[in-house]
Amino acid sequence: MAVIETAEKMLPAGLRPSGGRALRMLAGLLTEHGEKAVARRMALTAFSIRIISAALAFVSQIALARLMGEYEYGIFVFVWVLIVVFGDLSCLGFHTAIVRFLPHYKAAGALAEIRGLTGTARIFGLLSGTGMLAVGMIALHLFGDRIHSYYVVPIFLGLFAMPMIALSDILEGTSRANHWPVMALSPAYIIRPVLIILFMLAAIALGAPHTAVTAMQAALVATYVTTIGQHLATLVRLRRHFHAGPRKVDFLGWLGVAFPMFLIEGVSFLLTSSDVVVVGIFLEPHDVAIYFAAAKTMSLVHFINFSVKAASGPRFSSIIAGGTRSELAAAAIDAAKWTFWPALAVGLTVLAAGHLLLSLFGAAFTAGYILMAILLAGILAKALVGPAETLLMMAGKQNICALLYAGALLASVGLNVLLIPRFGIEGAAVATATAMGVEAVLLHLAVRRALGIALFAFAKSAGTHKDMEA
């Protein structure tokens, strides 16, 4: 309170009333106890990390585009998107299953289950990522002659990153479940992008060519360095909180929940990346570069949804375990509001500065400005329902969510395949924005039907006071 009062006195007289209220609200957010306060602090931390990471990723992509030019940059981003997509998919949903189970085990004091869950998930992620690497190598050997020659070597290098990407996702889920947002988000969203650009600059300084192959080598080394460090840091913190002891493993039970989540999140992830993949299949690397630059610029808005989602999962899980339906409805609508309004503000700001931001990549990239406006419409449509997919998964409605996302993915791929050959990258933007709108409508209907909650950013928090059903 002394700090707040001092800060209030430093404000100009005209700003003192409103500024004082804002300071007191911030102080309450940082010091209050309870599940809601913890979730908001986690969202605020995740939001701050995502702001930093979005800025770093944006700067690093600009640097890579400037270093390589549009053509080589287009090759790199197409291959890297593919590698990250399939690396994330190789977890088979275990990183989200940790968020589902660990809060329950923690509330029950089931330390043996926690040790078994976290240890099994790490081993499984590493093995499944290695399996995906092997499958990729076999596919590259069998079908390499059907792939454009400029993609072959970057894909070969990128495949070796898959085990580390899968393990990193498992470690991120472990940290999210324990309300450790800095440890959860900083490795993949701050440290790895910084290391990629640093290793790329170092390689060029040593005489390496300014090509996608060099960039992929830098990304590979950065991924290994980041994930190994993340693994060691997570192990130390887990042992400090849960100590060494016996482990109880329910692999089939966890897999039974993880796999439907994998279907949901896998389809969701494909939904967000299918546009870049289809553009890369139908168009030249130059077009991939322009589209990716526009999408990456608008992704500055996506981090808001990601931040709220990172905080909402554990909160939804805890309420479902011991709260009421009205509490769950209030938490869900609150999350939707925290998603939509910041997304609207940030989206309009980014769009206003769109020409300037795209020009930083290079003069040719300003052709992607219209794509930014189209993509923003889809992003805002999705933001209206907030982290609805997280709510459904935490409530055990993953099968419904999987079917929903399958339909949205089919719509996205179908629209992209239909529109890209005819309208080019503008067709990809329209297809992606439309698919996000379809996704939002389906999520709203699914939450309303399955949980009886009218999830919408403009809705009022209302509900019954019945206990949550099992």
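Before anything else, my cut-offs for burial: buried means under 20% relative accessible area, exposed means over 50%, and partly exposed is in between (1.4 Å probe, protein chains only). This is a predicted model, so I take local features only at pLDDT of at least 70 and side-chain atom pairs only at pLDDT 80 or more, while totals for chains, interfaces and linings use all residues. Residues are numbered from 1 along each chain as its sequence is written, and side-chain values use heavy atoms, with hydrogens and water left out.

My helices are DSSP runs (H or I, at least four residues), numbered from the N terminus.

Then I picked F76 and asked what it is in contact with (heavy atoms within 4.5 Å), leaving aside neighbours within four places in sequence. I got L64, M68, A212, A215, M216 and A219.

**Entry: salt bridges**

How many salt bridges are there, taking a side-chain nitrogen of Lys or Arg within 4 Å of a carboxyl oxygen of Asp or Glu? I count four.

One of them joins K309 and E389 at 3.9 Å, N to O. K309 sits in helix α11 (residues 285-322) and E389 in helix α15 (residues 388-394), so the pair ties together parts 80 residues apart in sequence. K309 is buried at 18% relative accessible area, and E389 is buried at 4%.

E389 also meets K382 in a salt bridge, 3.3 Å from N to O, and K382 is buried as well. I noted K309, K382 and E389 down as a salt-bridge network.

R315 and D334 meet at 3.8 Å, N to O, in another salt bridge. R315 lies in helix α11 and D334 in helix α12 (residues 325-352), so this pair ties together parts 19 residues apart in sequence. Buried or exposed? R315 is buried, with a relative accessible area of 10%, and D334 is buried at 13%.

**Entry: surface**

Last, I found a nonpolar patch on the surface made of F156, F160, Y224, I228 and L232, with about 440 Å² of accessible area together. Three of its residues, the largest share, come from helix α9 (residues 212-242). F156 lies in helix α6 (residues 149-159) and is partly exposed at 37% relative accessibility. Patch rule for nonpolar side chains (Val, Leu, Ile, Met, Phe, Trp, Tyr): over 30% relative accessible area, no salt bridge, joined within 5 Å. Areas are Shrake-Rupley with a 1.4 Å probe.

How values were computed
Helices (H or I, at least four residues) and strands (E, at least two) are DSSP runs, numbered from the N terminus. Patches are made of residues with over 30% relative accessible area and no salt bridge: like charges are joined within 9 Å, nonpolar side chains (Val, Leu, Ile, Met, Phe, Trp, Tyr) within 5 Å.
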